[in-house]
Amino acid sequence: MTQTAVMREDVRRAIGRTAVLEEGAADPGWLNARREEAWDIYEATPLPSTRSEEWRYTDVARLLPLDELEPAAGGPARVAALPEGLRRAMAQDRESAGRIVDVDGRVVSVELDEALAAQGVVLSSLREAARAGMPEVESLLATEAVPASDGKFAALNAALWSDGVFLYVPRGVRVDRTIRLSRWISRPGTATFTRILIVAEELSRLSFVDEILSPDFSSATLVNTAVELFSRGGAQVQYVSLQRMGEGGVYLANQRTLAERDSTLDTLNVALGGSVGRVDLNARLLGPGANSDMLGLYFGDSNQHFDFNTSQDHVAPNAHSDLLYKGALDGAARGIFRGIIRVHDGAQGTDAYQTNRNLILSDEAISTSLPNLEIEADDVRCSHGATVGQLDAEALFYLMSRGLRREQAERLVVLGFLGEVLSKLPLGGVVEKVTQAIEAKLRYV
Amino acid sequence: MPSNEVIQGLGLDDYKFGFVTDSEPVFKTRPGLDEEVVRQISARKDEPEWMLKRRLKALRIYQAKPMPQWGGDLSELEETLSRTYFYSKPQEQMERSWDDVPENIKQTFERLGIPEAERKILAGVGAQYDSEMVYHSLKEEWESKGVIFDSIEDGLKNHPELFRKHFGTVIPAADNKFAALNSAVWSGGSFVYIPPGVQLETPLQAYFRVNQERLGQFERTLIIAGEGSRAHYIEGCTAPVYSTDSFHSGVIEIVVNRDAYFRYTTIQNWSNNMYNLVTQRALVQQGAHMEWLDGNLGSKLTMKYPSCYLMGEGAHGEILSIAYAGDGQHQDTGGKVIHVAPRTTSSIVSKSISKGTGRASYRGLCKVYDGASNARSNVECDALLINETSRTDTFPYIEIDEKSATVGHEATVSKVGDEQLFYLMSRGMDEAEAMALIVRGFIEPIAKELPLEYAVELNRLIELEMEGSVG
């Protein structure tokens, strides 16, 4: 059977016959229409090949046996039955203002601080929010941020997403504690499609941590995530993605941030797990005074393959964006960073920066860095820098002269190198959690 | 903000070499390209059979390869190529002395202002007029040293073994579409051989121009620098302004043998309707040192990325690139350094200026293969934007397969600062002078590497354009 035919079958199972579909009957008509449309786009779009510039270093046809995947299905699980790995990760978290737990693409629990709910904050399963007729869901889901037309996987997600998160913070409401999404994938060989839609109204504030975990799998297991982030005038939004899947995990994400006038929309992507991680992040600076700090941290070993494709679109004048992605590569890991700053015609007074730094720790690791600039305005300050290098010999020497063994010294230097990224977004619990995860990885090295 | 007049006056756009000398070519092929045209070129040059076969094979590769979809806008190129004369031969014979060069051709050179000094002081002058070397002399002492500085055609005739051993080895026809095209229809260019240990104090110069309207120029240069030799080759190009688009696609192959030093300087000032798609590559052997100094001021679209393949231990490659993109121009330039051997080092410095609707793009590659231990590379790109409509891009590729490599890339983009202008004007300069000074300061790190007459010409060009801008 051809791949398309299998996927056609899959979509029927997803919105036709299976349990997902039975629930789908309760979905609003606009949503089903949008899914159908997305499916048409998916079918009409070829699988990205390494001949295309943006996928040059990630051969998705080779890394992901799309036609062998089963859609992840299954009814709601009970919180008591949460897998041990997920519970451990959740126990590490500090106090939260709210939390959604998602297992195999299904929301299994939603908690939100009552005081916040009383102020009009909405934290919900995305599907429930669509059914409840939330106007923002209908107007913003897969329209402005990650529409199906964004590419093969954006289309597939828009057609097949099973559930996800809707978070809405009304004007002027400040959510001081972090809201979390804790995700777990349990079944090997499955494909999970999740969407996150976050709207921060004017002068509001929120921080959101999206963590995904899984056990090791013997076969490729796909998680595809579409993240849509809106910060209205003067709002402050922080989004953190912690990708800590086990072996076999293939994590593909399309993230887009839309920052309006005087708002701040910061992101942090941490990639530690999985076999393949590919994140397409597009930050759009839509209003004067908008600001996006874009942080990234990746640490690959064995055969891990991480590919980050970022873009900073300066549409409005006098906006600011600053990107820092740092990676350490061990074993036969491969790290790819491709970033572009686009200063569009008329975006005068733009300040945009982009830095990618890589540490190569082994003979077989490979690092590729493509920091690009496209500038169509003249009154701008833009710069980018990229480096690839090995551990700083002087730093190692210094630490060893203080009595540390070589491995200890190396660990410390790697932690310090990656730690710079974390220190720029000191969000409750994230720094400790990521630091511990890196330390655990370093122990195996 | 500087006033509009100042901005208007800053450009290097007015093409001062826009005149046409009336010279009838002795022979030219019909416009367009097919096997017959290639056979004609080869027959006309009285080439050996192997070269004709190479040309025909290259033609098939050219026809099979798709147009590049990246870089500049090549959408109108097919049409331009169908109108292009792929070969034109202005004179039957090679001239040995300046006095024998026909008066009208001489006039062209005079009006271009090839410095008197260039003829008298500089040793080898290969002036290329249309497709063929028409004037070529070599200082006697160099001949005695065994240096070969010939037209590429004579290189093939007089040194067949040396030629065949190296031709097409650095840039095979299948390398890219335009290298294939050049390999099929090449005509003119230089053949240079520096014997081992020979050191040349004065540069070898080839100054050539495309004169015939719609004439494609496919110069081919092959340079072999022997072990421990040292030399500098300078190429400059100028073309008169025509209404139809012209096309230039050169291939420059250089072999820098062990411990040799070679520098290749190009100042490209083609007229603004010229497509300039060039492949330049050097193989750099153990301990050798290669420098590309690449200036791109003219043309409608230039796509050119001089490269150094660092094949031997301790080889060093350097690329200095300067680009100026005025109204309607796109300079898509940069450089490539490929580290194959241990302890190889490289550096790329690129400076670009975009004015009016001009667009300057840096496109580069730094590749370090596994095993090129302790390779080091550094890339710096700076872009200066003059107008709101100007555009600049940076597309560096950094591919590292080696743990012990150290690679850095940095780029900045800025405009001429109001503060800088204000400071200089407060010291008594007018706006145009101040602007010119800032632009000159920006390109200075590269201009200072140029031979004196080129540096003077570059600076004079900027000054000339500034003068008229006041009032």
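Student: Which residues of α10(B) are buried?
Tutor: In this predicted model, they are B:Phe178, B:Ala179, B:Ala180, B:Leu181, B:Asn182, B:Ser183, B:Ala184 and B:Val185.

Student: And why is that helix described as largely enclosed by the rest of the structure?
Tutor: Helix α10 of chain B runs over residues 177-185, and eight of its nine residues are buried, so the rest of the structure largely encloses it.

Student: OK, what covers those buried residues?
Tutor: The cover includes two helices of chain B, α2 (35-44) and α3 (49-64). It also includes the strands β8 (220-225), β11 (251-256) and β13 (274-284) of that chain.

Student: Switching to the core. Which residues touch the most other members of the largest nonpolar core?
Tutor: A:Ile198, B:Val185, B:Ile254, B:Val256 and B:Val284 do, in a core of 243 residues. B:Val185 is also one of the buried residues of α10(B).

Student: Take B:Val284, then. What does B:Val284 touch, leaving out residues up to four places away in sequence?
Tutor: B:Val256, for one, and B:Met290.

Student: Now the contact between the chains. How many residues does each chain put in?
Tutor: Chain B gives 29 residues and chain A gives 29 residues. On the side of chain B that touches chain A, the elements giving two or more residues are β22 (391-400) and β23 (406-415).

Student: How do the residues on that side of chain B divide into nonpolar, polar and charged?
Tutor: Eleven are nonpolar, ten are polar and eight are charged.

Student: Which strand of chain A pairs with β23(B), and is the sense parallel or antiparallel?
Tutor: Strand β20 of chain A, residues 381-389, pairs with β23(B) in the antiparallel sense, over seven bridges. Within that pairing, B:Gly408 of β23(B) has A:Thr387 opposite.

Student: Let's back up to whole chains. How many helices and strands are in chain A, and how many in chain B?
Tutor: Chain A has twelve helices and 20 strands, and chain B has 13 helices and 23 strands.

Student: What share of each chain counts as buried?
Tutor: In chain A, 55% of the 445 residues; in chain B, 54% of the 471 residues.

Student: Why does the radius of gyration of chain A agree with a compact globule?
Tutor: A compact globule of 445 residues would come out near 22 Å, and chain A has 21 Å, so the two agree. The C-alpha trace of chain A spans about 70 × 50 × 50 Å along its principal axes.

Student: Last one: what share of the contacts in chain A between residues at least 6 apart join residues at least 24 apart?
Tutor: 83% of them. For chain B, residues 24 or more positions apart account for 84% of the contacts with a separation of 6 or more.

Methods. Residues numbered from 1 in each chain as written. Chains lettered and ligands numbered in written order. Predicted model: local features only at pLDDT ≥ 70, side-chain atom pairs only at ≥ 80, totals over all residues. Contact = placed C-beta atoms within 7 Å. Helix = DSSP H or I, 4+ residues; strand = E, 2+ residues; numbered from the N terminus. Nonpolar A, V, L, I, M, F, W, Y, C, P; charged D, E, K, R; others polar. Pairing = 2+ DSSP bridges. Buried ≥ 20, exposed ≤ 12 C-beta atoms within 10 Å, placed from the backbone. Rg over C-alpha atoms; globule rule 2.2 N^0.38 Å. Core = buried A, V, L, I, M, F, W, Y, C linked by C-beta atoms within 7 Å.
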